[in-house]
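Hi everyone, thanks for coming.

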Amino acid sequence: MKERKNVWGNAGCELPDGKLCNVCCVLAEVELVGESPKPAFSPCQYLGENGEGCVIHKGLRSKMCSDWHCSSVGTNFSREIISGALALGSVTDDEARNALENLMGDMESSSLVEEKMAGIKAEASRLFNRINKTI
Ligand code: SF4
Ligand code: SF4
């Protein structure tokens with residue numbers, strides 16, 4: 001089966017620097033098996049320390065966790081993932097801009113990319129405050 005490319009253009013959950021992304025495990029409300037859902041804008045309790053990713057054995061994750069991947073979400077949520085990664089300090093501005101350019105395609109003008117990038121950075125600032133209220 002062909003490997004799905006994530007928001008960063010990489011396989012699986014790899015960030016541009018090769019580390020694990022984990023952004024959706026912070027931003028999204030997520031169903032957990034036998035527990036209340038993980039709230040949105042809050043790091044999942046099952047994220048390991050030092051960026052090691054989910055520590056639950058794959059077979060014990062909820063269907064939502066097993067099935068979901070950012071390769072199949074729309075543009076708006078992809079942009080939120082980029083904002084979330086900036087808010088979490090997981091990517092640099094240049095890495096965020098590259099992901100945005102890939103999302104928008106080659107036909108878009110550089111001024112439109114910069115306009116969208118400004119929106120992504122403003123959203124990252126809002127998300128930073130929201131996430132840090134819950135930590
Ligand atoms: S947003 Fe989620 S599915 Fe996409 S690369 Fe990041 S951790 Fe993986
Ligand atoms: S259970 Fe694992 S995959 Fe699911 S949200 Fe938590 S850390 Fe992410």
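**Contacts, core and ligand shells**

Okay, let's start with contacts: among those in the protein chain between residues at least 6 apart in sequence, 57% join residues at least 24 apart. Two residues are in contact here if their C-beta atoms, placed from the backbone, lie within 7 Å.

A bit of housekeeping. This is a predicted model, where local features need pLDDT of at least 70 and side-chain atom pairs count only at pLDDT 80 or more, while totals for chains, interfaces and linings use all residues. Residues are numbered from 1 along each chain as its sequence is written, and chains are lettered from A and ligands numbered from 1 in the order in which they are written.

So what is the chain built from? It has five helices and zero strands.

How about the overall shape? A compact globule of 135 residues would have a radius of gyration near 14 Å, and the protein chain agrees with its 15 Å. That radius is taken over C-alpha atoms, and the rule is 2.2 Å times the number of residues to the power 0.38.

On to the inside. Of the 135 residues, 24% count as buried, meaning 20 or more other C-beta atoms lie within 10 Å of the residue's own; 12 or fewer is exposed, in between is partly exposed, and C-beta atoms are placed from the backbone. The largest nonpolar core has 24 residues, and Ile-81, Ile-82 and Leu-86 are among those with the most contacts inside it. A core here is a set of buried Ala, Val, Leu, Ile, Met, Phe, Trp, Tyr and Cys residues joined through C-beta atoms within 7 Å. H1, H3, H4 and H5 each give two or more residues to this core, and H3 has the largest share, five. Leaving aside neighbours within four places in sequence, Leu-86 touches partners including Ala-96 and Ile-120 in contact terms.

Last, the ligands. Ligand 1 has Cys-13, Cys-21, Cys-24 and Cys-70 among the residues around it. Around ligand 2 we find, among others, Cys-25, Cys-44, Cys-54 and Cys-65. To be counted, a residue's C-beta atom, placed from the backbone, must lie within 6 Å. The shell around ligand 1 has no charged residues, whereas the shell around ligand 2 has two; Asp, Glu, Lys and Arg count as charged.

Notes
Helices (H or I, at least four residues) and strands (E, at least two) are DSSP runs, numbered from the N terminus.
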